[in-house]
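Me: I have a structure open and would like to go through it. Can you take my questions in turn?

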Amino acid sequence: MADYPESSSPESVLIASGYQVTVAATKEEALLQLANADASVLVVPISDYPIWRKELLMRKAAPVLWWCCDETANLSAAACEDDFIADGILSPSMLTLDIHWVLHFSARQFFAQQQWQKEREQLLSRIEERKWIDMAKGILSKMRNISESEAYDALRKQAMNERKRMVDVATSIVKAYQLLHKP
């Protein structure tokens, strides 16, 4: 059993577990207090959770957990969305140690996901850049009647001469070619 009364409020449970807690009654209050928060624990019906989570994450990248109790889990399991995303779930029946580990692993998982998302975006950007460079190589190769390797070298040399990134020179070449060869 928990080491505090089951009827305790979420904030009293978290405070009893050693955490500093700030309570917000409205979304506006929550957004104002978010700057100083390490995480957010939403004590809202499960149906409202995704809307609150999205709003909070638009303002600050920090873990968002859901407080699951009789009042917030007021819908049947079938009513839960398939895309329900919570960095962690807390409940009044948890022990202090349980709460500690949920918060710890929720934060680790959240920041790992943030890093993966950043790396994914970088990889997608590199793939997009590679497409422009490959198109430019094809155009140069065709127009100058040279190999793609030679076209790549010409593209690289032009980028160095102009002190621009290769993808920027490649994009200019492709766009100019498309403009000149537009039907």
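Predicted model: local features only at pLDDT ≥ 70, side-chain atom pairs only at ≥ 80, totals over all residues.

Me: How are two packed helices described?

Reply: By the angle between their axes and the distance between the axes. Axes here are lines fitted to C-alpha atoms, for helices over the stretch in contact, and angles run from 0 to 180 degrees between N-to-C directions. Helices are DSSP runs (H or I, at least four residues), as strands are (E, at least two), numbered from the N terminus.

Me: At what angle do α4 and α5 pack?

Reply: Helix α4, residues 96-144, and helix α5, residues 148-162, pack at about 110°, and their axes are 8 Å apart. That angle makes α4 roughly perpendicular to α5. The cut-offs are under 35 degrees for roughly parallel, over 145 for roughly antiparallel, 65 to 115 for roughly perpendicular, and oblique for the rest.

Me: Which hand does the crossing of α4 and α5 have?

Reply: α4 passes α5 in a right-handed crossing. A crossing is right-handed if the near helix is turned clockwise from the far one by less than a right angle, and left-handed if anticlockwise.

Me: Which residues of α4 and α5 meet?

Reply: From α4 they include R130, I133, A136 and L140, and from α5 they include E148, A151, Y152 and L155. By class, this contact of α4 with α5 has 7 nonpolar, 2 polar and 4 charged residues. Contact means heavy atoms within 4.5 Å. Ala, Val, Leu, Ile, Met, Phe, Trp, Tyr, Cys and Pro count as nonpolar, Asp, Glu, Lys and Arg as charged, and the others, Gly among them, as polar.

Me: And how do α5 and α6 pack?

Reply: α5 and α6 pack at about 110°, with axes 8 Å apart. So α5 is roughly perpendicular to α6. Their crossing is right-handed. Y152, L155, R156, Q158, A159 and E162 of α5 make the contact with M166, V169, A170 and I173 of α6. By class, that contact of α5 with α6 has 7 nonpolar, 1 polar and 2 charged residues.

Me: That leaves α4 with α6. At what angle do their axes cross?

Reply: The axes of α4 and α6 cross at roughly 55° and come within 8 Å. That makes α4 oblique to α6. This crossing is left-handed. Among the residues that meet are W132, I133, M135 and I139 in α4, and V167, I173, V174 and Y177 in α6. By class, the contact of α4 with α6 has 13 nonpolar, 1 polar and 3 charged residues.

Me: What sits in the loops on either side of α5?

Reply: N145 is in the loop between α4 and α5, and R163 is in the loop between α5 and α6, the latter being residues 166-180. N145 has a positive phi of about 55° although it is not a glycine. R163 is not a glycine either, and has a positive phi of about 55°.

Me: Is N145 buried or exposed?

Reply: N145 counts as exposed, at 71% relative accessibility. R163 is exposed too, with a relative accessible area of 78%. Buried means under 20% relative accessible area, exposed over 50%, and partly exposed in between (1.4 Å probe, protein chains only).

Me: New topic. How many disulfides are there?

Reply: The structure holds 0 disulfides, a disulfide being a pair of cysteine sulfur atoms within 2.5 Å.

Me: Where does L31 lie?

Reply: L31 lies in helix α2, residues 27-33. L31 is buried, with a relative accessible area of 16%. Leaving aside neighbours within four places in sequence, L31 is in contact with E55, L56 and R59.

Me: Last one: where is S8?

Reply: S8 is in the segment before α1, which covers 10-16. S8 is buried, with a relative accessible area of 18%. S8 and S93 are 85 residues apart in sequence and 9.8 Å apart in space, C-alpha to C-alpha.

Key: Residues numbered from 1 in each chain as written. Heavy atoms only, no water.
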